[in-house]
Amino acid sequence: MLNGRVDQESAMTEAAPRTLISEAEIRKRVRELAAEISADYADCGELVLVGVLKGSFIFLADLSRHMDIPRTIEFIAVSSYGKGSRSSGAVRLVMDVRGNIEDKHVLIVEDIVDTGHTLKYLIGMLKSHRPASVKTCALVRKAESAEVDVIVDYLGFDIGDEWVVGYGLDYAEQNRTLPYIGVVTPTD
């Protein structure tokens, strides 16, 4: 117990998730992505980073800290998984961006691209706000799980069809704060 609370990360699983991508590998790749994005948007004025809640919050924070261009942060929330391990394929908007993104360059920052339905939905939905451009950045992609064609402009890592947790990714809201990406076996 820490200050009267149970340490959630150790209480949720009997064994730690198997490491797939180490903390050092993530740190290195995030810096590379930030440099690439900064170079691509160097002459575009302010870039609006739109983080997809909840999973992107750690990735978005680290990515943004390593950029050297003017930027603002917005958040959007969608749901397609609920508490299970299978995407329904139907994407539901939970929270739209709050700021005006019209005529601004927008970069969607996503934790994971699995089937592609969520990212495709987000691109279309954000384009309805009439931004100058919309591009995408994802920490991980399960290319073999794709059900729709969607372009990931800036990609951290391609992974296999495994359930991953850590660095913002979760299984039933657990293990998000692990500093690495690990593999778990869903129980449902």
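Predicted model: local features only at pLDDT ≥ 70, side-chain atom pairs only at ≥ 80, totals over all residues.

Biologist: Switching topic. What is the strand order in the open sheet of 3 strands?
Modeller: The order is S1-S9-S8, and the pairing is antiparallel.

Biologist: Which strands stand at the edges?
Modeller: S1 (18-21) and S8 (163-165). Each has a single partner strand, so one side of each is left without a neighbour in the sheet.

Biologist: By how many degrees are neighbouring strands turned against each other?
Modeller: On average 45 degrees in this sheet, ignoring direction.

Biologist: And how many bridges do S8 and S9 pair over?
Modeller: They pair over 3 bridges, in the antiparallel sense. S9 covers residues 181-184.

Biologist: What is the bridge partner of Trp163 in S9?
Modeller: Val184.

Biologist: Cysteines now. How many disulfides does the count come to?
Modeller: The count is 0 disulfides, taking sulfur atoms within 2.5 Å as the rule.

Biologist: Is Cys137 buried or exposed?
Modeller: Cys137 counts as buried, because its relative accessibility is 1% and the cut-off for buried is under 20%.

Biologist: What about the relative accessible area of Cys44?
Modeller: That one is 29%, so Cys44 is partly exposed.

Note on methods: Residues numbered from 1 in each chain as written. Heavy atoms only, no water. Pairing = 2+ DSSP bridges. Helix = DSSP H or I, 4+ residues; strand = E, 2+ residues; numbered from the N terminus. Axes fitted to C-alpha atoms, helices over the stretch in contact; angles between N-to-C directions. Buried < 20%, exposed > 50% of the residue type's maximum accessible area, 1.4 Å probe, protein only.
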